[in-house]
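Let's learn to read salt bridges together.

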Amino acid sequence: MDIGAFLVGHEAAIRLGAFLSVFALMALWEVAGPRRALTVRKGRRWLANIGITLLDAAVVRVLFPTAMVGVALAVGESGWGLFNAVAVPAPLAFVLSLLALDLLIWAQHIAFHRVPLLARLHRVHHADLDFDVTTGFRFHPIEIVLSLLIKSAAIVALGAPAAAVLVFEVLLNLGSLFNHGNVRMPEGIDRVLRWLVVTPDMHRVHHSVEPEEINSNYGFFLSWWDRLFGTYRAAPRAGHDAMTIGVRNTRDPGVCAGLWPMLVLPFKERADDFPCGRSALQRPASP
């Protein structure tokens with residue numbers, strides 16, 4: 001059996017099954033072993049965060065009916081991209097595509113912090129007053145569309161195999177659910193895991209209100225890029241229990257945990273409390 005063809009042929013079932021399974025696992029883990037006490041009523045936040053996720057899915061379905069796998073299939077049929085122009089063994093093209101796309105998402109994440117107009121959109125993700133599994137899919141629809149356009153361009157340039165694109169998309173989504181989890185993990189396990197993937201304690205630092213912390217730990221799945229490019233920070237200065245999550249001057253639960261307020265936040269609220277641009281950056285020295 002052609003594994004690539006099987007994966008692509010069952011894309012919807014694989015994506016939905018993986019998402020629901022990991023979401024349920026993380027939600028149960030958060031109940032059994034929470035890392036931090038929540039500051040906003042969970043039902044209110046979850047309703048808003050899941051609501052914006054459903055809206056994102058509807059927008060993507062309308063604008064990108066075949067999603068990223070469809071783009072990869074079209075690229076393969078047309079012979080576009082690096083891996084279609086250069087003779088590269090299929091397994092190597094698969095692995096290199098995964099690495100390149102993960103690096104792209106890391107770089108894209110930095111862009112959504114350092115470019116003020118993009119930071120206004122990404123601020124919706126950071127304005128969550130708590131940090132749990134639903135934060136992992138809380139993004140403004142315009143940010144989702146821009147991300148899909150960036151990934152599409154990369155897939156075309158690479159000539160990435162459709163199976164690699166599907167595996168990457170699944171890993172990216174599951175990684176986001178995992179590393180946004182409000183879960184307690186043994187320190188030794190966390191220390192080992194974060195040499196490979198982004199863990200909840202590693203990514204939580206990125207959701208701090210402190211400029212030098214919010215501008216660190218940009219990875220969503222692989223943790224290598226932050227270590228390699230000097231944006232890694234091991235822990236928040238105040239500690240995980242005492243750190244403040246969110247955006248410094250946007251603390252109203254009505255704004256941070258409401259669907260409509262989230263959608264208009266980039267356009268109606270000032271964004272100068274979300275530190276972006278090179279002037280806001282300080283090189284994070286790992287403890």
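**Reading salt bridges**

Q: What is a salt bridge, and how many does a search of the whole structure find?
A: Side chains of opposite charge can pair when their charged atoms come close. Here the term means a side-chain nitrogen of Lys or Arg within 4 Å of a carboxyl oxygen of Asp or Glu. The search finds 12 salt bridges. This is a predicted model, where local features need pLDDT of at least 70 and side-chain atom pairs count only at pLDDT 80 or more, while totals for chains, interfaces and linings use all residues. Residues are numbered from 1 along each chain as its sequence is written, and side-chain values use heavy atoms, leaving out hydrogens and water.

Q: Which side chain does R237 meet in a salt bridge?
A: R237 pairs with E212, at 2.2 Å from N to O. E212 lies in helix α12 and R237 in the loop between α13 and α14, so the pair ties together parts 25 residues apart in sequence. Helices (H or I, at least four residues) are DSSP runs, numbered from the N terminus. E212, at 7% relative accessibility, counts as buried.

Q: Where do R204 and D201 sit?
A: Both are in helix α11 (residues 200–204), three residues apart, which means about one helical turn separates them. R204 is buried at 0% relative accessibility, and D201 is buried at 12%.

Definitions and conventions:
Helices (H or I, at least four residues) and strands (E, at least two) are DSSP runs, numbered from the N terminus. Buried means under 20% relative accessible area, exposed over 50%, partly exposed in between (1.4 Å probe, protein chains only).
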